[in-house]
Amino acid sequence: MVSRPKDRVQARWEEAANRNWELQEGADGSIEGVLGGLEEAGKRKRLLKDTTPLQRGIIRHTLLVLDLSTAMNEKDLRPTRHLLTIKYTIMFVREFFEQNPISQLGILGMREGLAIRVSDMSGNPNDHISALKILRGTEPKGNPSLQNALDMARAALYHTPSHGTREVVIILGALLSSDPGDIHDTIKACIRDRIRVRIIGLAAQMHICAEICRKTNGGDENYYDVAIDEVDYKQQLMAITTPPVLRVTDADSSDTQGKNQSALLMMGFPSRIVEEKATLCACHGNLTRGGYLCSRCKAKVCNLPATCPTCDLTLILSTHLARSYHHLFPLRNWSEVSWSRARTKGTTQCYGCLSSFPAVPKQHEVANGTEHDQGAAKTKRAEGASESSRYECEACGDHFCIDCDVFCHEVVHNCPGCQSTVPADISEKTNGD
Amino acid sequence: MNVVDATDRAEAHEDLEPPSLLTIILDTNPHAWALLGDSLPLSKAVANLLVFINAHLAINYANRVAVIASHAERAAWLYPTPAHARKQETQMNGSVSNSHAQNGEGRGGAVQPPDDANKYRPFAQMEYAFMDNLRKLMDSTTTEAIQSSPSTMLAGALTRALAYISKQTSTVPTTTTNAQFNYSDPSSVAGGNDLNNDPTSNQTTQGLTSRVLIVSVSGDLADKYIEIMNSIFACQRLSIPIDILKLAGDPVFLQQAADTTGGIYMSLSTPQARAGLLQYLMFAYLPDQTARDHLIMPGEDGTCLLCGSHLSMANYGQKPAVVPRKKKGKKKRIADSGVDTPGSGSGTPIPV
């Protein structure tokens with residue numbers, strides 16, 4: 001047996017682990033030097049993403065496939081994989097429709113070697129959530145079958161229009177797939193139907209999963225991952241709510257089906273009406289005193305977004321479209337600010353929330369500082385955190401604190417500085433783009 | 001302290017109303033105010049607004065206020081005073097010590113109001129800082145700046161207001177930790193506060209409840225559509241209502257903001273309605289979210305705030321007969337004392 005080399009390279013799963021016991025106190029007994037900015041760096045790590053504007057598929061047709069096999073009874077994710085999955089899936093459904101209001105979602109399950117339908121394709125989150133709540137009471141059973149699930153998903157997505165994306169998201173707890181035939185044929189059929197498959201594993205990597213994801217995503221290997229813990233699982237699931245980037249191949253295949261059809265989509269933008277007397281709505285047949293009139297046939301629907309029950313026109317509000325804008329025009333990342341830069345700008349307060357920054361050290365202190373002091377100052381802050389606790393928007397040059405950095409990039413998607421001043425050259429380059 | 005000696009102190013169980021942060025965005029676009037000059041000049045509107053702010057501060061000692069001007073070419077803080085403005089002042093005066101500027105920390109505390117023993121100190125500080133900053137803002141406005149941009153920087157003002165609110169909310173200690181949507185926590189989701197599906201859990205919040213009031217006079221905001229929509233959706237995520245008081249201009253856009261976030265929208269389009277600005281402010285916009293649960297809020301059709309009966313605008317200020325009066329005696333006393341004693345509001349510009 002070959003013995004393991006002693007100075008072996010750290011395993012990948014070990015890299016993320018935080019070794020608290022190895023933290024060294026500074027000479028004055030404070031651990032700020034070691035911890036310095038670790039928290040800030042962690043907050044920022046999530047922020048630093050690619051901000052190039054891309055064409056994204058806002059109209060999505062997504063099928064979520066849940067594993068309902070015996071493997072989901074495992075308790076490595078608390079309380080069990082099954083219950084946690086259902087809890088996260090309910091959150092996923094809410095967030096999905098928050099981010100993609102004009103998309104359709106359906107849920108399938110894999111149980112006892114079969115694919116079962118949990119909820120049909122629908123744009124109403126409550127349909128899915130109520131179906132999931134019923135599922136909570138059932139017991140996972142038997143083996144999963146990836147092939148059956150993919151085939152059923154393919155059938156469900158078959159009639160969807162070509163302007164939208166076709167996505168399948170599989171959550172797989174088992175380490176096997178009991179298939180009736182050759183799964184490679186199914187993969188080829190999926191590629192032909194422009195279906196993209198993403199898989200989140202809950203146990204360990206499987207070769208066939210990696211292959212499915214790679215082949216259906218044009219060779220990209222980033223679509224298969226295994227969740228290491230509950231938080232990671234949730235992050236991976238929630239990451240799927242962001243509309244996917246459109247690929248060239250998607251555009252090509254839709255070209256063959258007719259250019260006009262894919263480029264433009266007919267939609268109605270009805271406005272709200274309030275009536276004196278209650279009338280029946282076309283969607284449920286209930287008596288309501290308000291609603292929206294279809295722009296084409298004047299049928300009354302209660303809620304938007306909806307498809308007109310009479311003439312099949314997609315009815316939405318402009319706000320539904322506006323919700324996706326920040327995906328299309330992302331806010332540019334802010335850069336870290338060095339002490340010298342902070343001194344030249346002379347900022348004392350966060351531009352957004354008016355909280356004070358740590359004061360800039362005096363010029364001579366830094367100049368007279370011994371070599372090791374400067375070295376310490378360099379290692380003091382963790383990677384990604386700014387040494388002066390300031391973050392600068394490169395478009396307007398204002399300085400912000402870490403909280404505003406996170407808030408502006410994750411919630412508002414606006415730069416307070418760029419929005420508060422007219423840019424010197426009246427160009428369209430506002431909002432840090 | 002509680003953490004240090006592990007005692008359970010009485011303050012933790014206070015059953016008071018949560019303090020609320022009112023952020024007012026005042027549209028100071030000179031063009032639009034010039035058009036309104038006949039019926040409601042800016043000075044009068046500001047005087048009304050100050051009374052309203054004082055009322056908000058008086059309701060709860062922990063209430064806070066922030067005012068942002070959405071000016072023609074920039075958005076600027078009116079209250080609290082930002083640091084750089086304060087620094088300039090201390091340099092000019094030369095007398096105010098440095099410690100003030102550092103301790104103030106965005107409370108506007110370093111700007112010293114004239115001493116007045118008869119005035120409630122927070123009123124005095126707020127009024128002084130507000131008026132001072134507004135005057136500076138107007139003085140620094142150049143004709144070129146006005147000519148170059150006839151619109152207003154509402155998107156910037158909203159974004160800064162939200163950044164301020166988020167910071168203030170995160171610094172206020174809450175007894176229930178999960179009550180507010182925590183955006184920097186990876187384990188939380190937007191709109192997914194109610195993970196345990198318990199609608200009553202939010203009632204126990206002792207944190208800060210925030211709301212935004214936009215006093216708008218400008219019309220066209222179409223050029224900043226995406227940015228404003230982004231802010232509106234952020235408000236919706238954080239469940240911050242945006243109240244709109246529209247004094248002039250095209251209403252469509254802000255109506256949507258109020259509708260999406262669950263705020264109040266009112267449009268004072270006639271001179272008669274504008275004359276009652278203070279009444280509108282006090283009746284419609286003073287109650288915070290917790291109080292609004294128990295009130296019927298004004299809709300488009302001019303419904304009475306208290307009893308829900310339809311009223312025409314002319315008798316808006318009268319008291320409807322059917323409202324149950326709980327504390328009759330107390331009300332009377334307040335009314336009496338207001339006449340005789342020099343109240344703490346002395347010196348506030350009187351809205352006439």
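The legends below describe close-up views of a predicted model.

In this predicted model, local features need pLDDT of at least 70 and side-chain atom pairs count only at pLDDT 80 or more, whereas totals for chains, interfaces and linings use all residues. Residues are numbered from 1 along each chain as its sequence is written, chains are lettered from A in the order in which they are written, and side-chain values use heavy atoms, with hydrogens and water left out.

**View 1. Overall make-up of chain B.** Chain B contains 14 helices and six strands, taken as DSSP runs numbered from the N terminus (helices H or I, at least four residues; strands E, at least two). Of its 352 residues, 47% count as buried, where buried means under 20% relative accessible area, exposed over 50%, and partly exposed in between (1.4 Å probe, protein chains only). Among contacts in chain B with a separation of 6 or more, 72% come from residues 24 or more positions apart, a contact being heavy atoms within 4.5 Å.

**View 2. Helix α3 of chain B.** Helix α3(B), residues 42-59, has 18 residues and spans 26 Å from its first C-alpha to its last, close to the 26 Å expected at 1.5 Å a residue, the expected span being 1.5 Å times one less than the number of residues. Because 13 of its 18 residues are buried, α3(B) is largely enclosed by the rest of the structure.

**View 3. The largest nonpolar core.** A nonpolar core is a set of buried Ala, Val, Leu, Ile, Met, Phe, Trp, Tyr and Cys residues joined through side-chain atoms within 4.5 Å. The largest has 43 residues, and those touching the most other members include Ile24(B), Trp33(B), Phe52(B) and Phe130(B). Several elements of chain B each supply at least two residues of this core, among them β1 (20-27), α6 (121-139) and β4 (209-216), while α3(B) gives the most, with nine residues. Leaving aside neighbours within four places in sequence, the contacts of Phe52(B) include Leu22(B), Ile24(B), Leu213(B) and Tyr285(B). A second, separate core of 40 residues includes Ala322(A), Val412(A), Ala66(B) and Leu238(B).

View 4. The end C-alpha atoms of residues 294-311 of chain A lie 9 Å apart, and the span is 0% helix and 22% strand. Ser340(A) lies in helix α14 (residues 339-345) of chain A and is partly exposed, with a relative accessible area of 44%.
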